[in-house]
Amino acid sequence: MKFIIDKEINLKETDSLNSKSYSETLTETIKTTPTDKSFTIGLFGEWGSGKSSIVETSRLELESLKEEKIKFIVYDAWKYANDSFRRMFLLKVQESLKFDKTSLMNSFYLNENEDVEIKKKLNNTNLIVIIIIMVFGIILVNTLPIDNDEWKLSLSIFISFLGLFSTILFKAFDEFKINIQKPHLFAPEQFEDCFNEMISKSLKGYSNIRKALLYIQGETYEKEIDKLVIVIDNIDRCNKELAYELLTDTKSFLGQAKNVIFLIPVDDQALKKHILSSNANNTEAEEFLRKFFSVTIRIKPLRAVELFDFANKINTKNNLGFNPDTIDIVSKEYASNPRRIIQFFNNLAVEIHNFEINFDTDFIANNESLICKLLIIREEWPQYYKLLSSFPHILNGGNKTKSELIKESPDLELFLKNTKAISKNIDVTVFDKLLSNGKVFDKLTTDVKKSIDNQDFEQVQKLIADK
């Protein structure tokens, strides 16, 4: 089997979707942003539309410039979704710029310990040792050749006091401290101060005297950066509360730094839904996005012909060997999402390999497009696929009462209409083989099965009699 690895690429080397123009526009936008304040760029496009490759291509070009130093930091909001944004964001900036943690930074990560109670517990081992020593001492005193009983009594009392003193001295009771950890509480302004402290040192404009002092102190970090580009990725994949917090914190506490560019690749429609879920109406959501982004670059929806060309290039480049009909089905069904095409090709390779175990290569080659069609139905409309498993012939229009699911799903109805030629005139026994994972199949003909399914028993008898 041959699989395709879905990852960001350099569009200057491979540009199957003609997305290089977006990366060039993004690169030029970053080069020409104002230097007297921070700047926020929105790269809008659906999930799987190639935003990561556009950002990666721009990063490679800008970080290789000789005339100015531009540094990219990529913060994956979804990766750290279960932790505090402020904590993890500062940690990412600190690591990327190679700063040592200051006391202010540590306050975000180190917990405060507090003793709340001290308890005592009897140490049985020490107590037993002390009692044995006392008993042995008293026995020893009473065996000494002393005639005066008062002296023996005095020595016994002395040994008893000595045992009591030993109990205290050798800690017959252990102390246990009950300790709790409390996370440091910090004001939002500390988050802003900590961020500004780092970028003010790394960006150009820091005084030479201060730089010399820091050099003497042995501080090593990235210096003389002309522009710092902070990419906050996957906001639209986070829950609505976190997505809203990311945007508001970026705008409120980080948006005042000069020569800092925030680049946010996002599905703007998904982001808008997050904002709407945060007690905002549609007008307020639109206004929020307009105020938040200084400029937006929008990836245009892809046309069917572009997706067919993309799927065909992927097929050829990776030697997948799928036929044109298969390419056409896949590109039309996933016409807005190149990533889904890549994922489906991987799934189809696994599906075909599974059939290769039970059937010959000619059977599979002759029915490749039908295998593709059935796999799409299984992934996108599992209830209808389950129905097909029991009544395969309904794929060609049989038993209308069993096809109510089609009427309830316009997308399914359109897909079946567009792919009708693939399954037309296919014998039901072929469907049996493709819908099963075994080698034992029903011997009934298509006509008999249709008649049974439609409860036309007179027709069933007639067909059997004809046989």
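## Nonpolar cores

The largest nonpolar core has 46 residues, and those with the most contacts inside it are Phe345, Ile377, Tyr384 and Leu395. A nonpolar core here is a set of buried Ala, Val, Leu, Ile, Met, Phe, Trp, Tyr and Cys residues joined through side-chain atoms within 4.5 Å; buried means under 20% relative accessible area with a 1.4 Å probe, protein chains only. At least two residues of this core come from each of H12 (304-317), H13 (324-333), H14 (338-358), H15 (361-366), H16 (368-380), H17 (382-390), H19 (410-418) and H21 (428-434). Helices are DSSP runs of H or I, at least four residues, numbered from the N terminus.

Another core, of 44 residues, lies apart from it and includes Tyr75, Cys194, Met198 and Leu289.

## Model and conventions

This is a predicted model, in which local features need pLDDT of at least 70 and side-chain atom pairs count only at pLDDT 80 or more, while totals for chains, interfaces and linings use all residues. Residues are numbered from 1 along each chain as its sequence is written, and side-chain values use heavy atoms, with hydrogens and water left out.

## Cysteines

The structure holds 0 disulfides (pairs of cysteine sulfur atoms within 2.5 Å). Cys194 is buried at a relative accessible area of 1%, and Cys372 is buried at 0%.

## Cavity

There is 1 cavity of 30 Å³ or more, and the largest cavity holds about 40 Å³ of space. A cavity is a set of points on a 1 Å grid over the protein atoms alone where a 1.4 Å probe fits but cannot get out; lining residues have an atom within 4 Å of a point. Points are joined across faces, edges and corners, and the volume is the space filled by probe spheres set on them.

The lining of the largest cavity consists of Glu351, Phe355, Ile371, Leu374, Leu375, Arg378, Tyr385 and Leu434. By class the lining has 6 nonpolar, no polar and 2 charged residues; Ala, Val, Leu, Ile, Met, Phe, Trp, Tyr, Cys and Pro count as nonpolar, Asp, Glu, Lys and Arg as charged, and the others, Gly among them, as polar.

## Aromatic pairs

The count of aromatic pairs is 15. Rings of Phe, Tyr and Trp (its six-membered ring) pair if their centres lie within 6.5 Å; planes under 30 degrees apart are stacked, over 60 edge-to-face and the rest tilted. Tyr75 and Tyr80 are stacked because their ring centres are 5.4 Å apart and their planes at 25°. Tyr75 is buried, at 1% relative accessibility. One aromatic cluster is formed by Tyr75, Tyr80, Phe85, Phe89, Phe191 and Phe195.

Note on methods:
Buried < 20%, exposed > 50% of the residue type's maximum accessible area, 1.4 Å probe, protein only. 1 Å grid on protein atoms, 1.4 Å probe; cavity = no way out; pocket = protein on both sides within 12 Å on 5 of 7 lines; lining within 4 Å.
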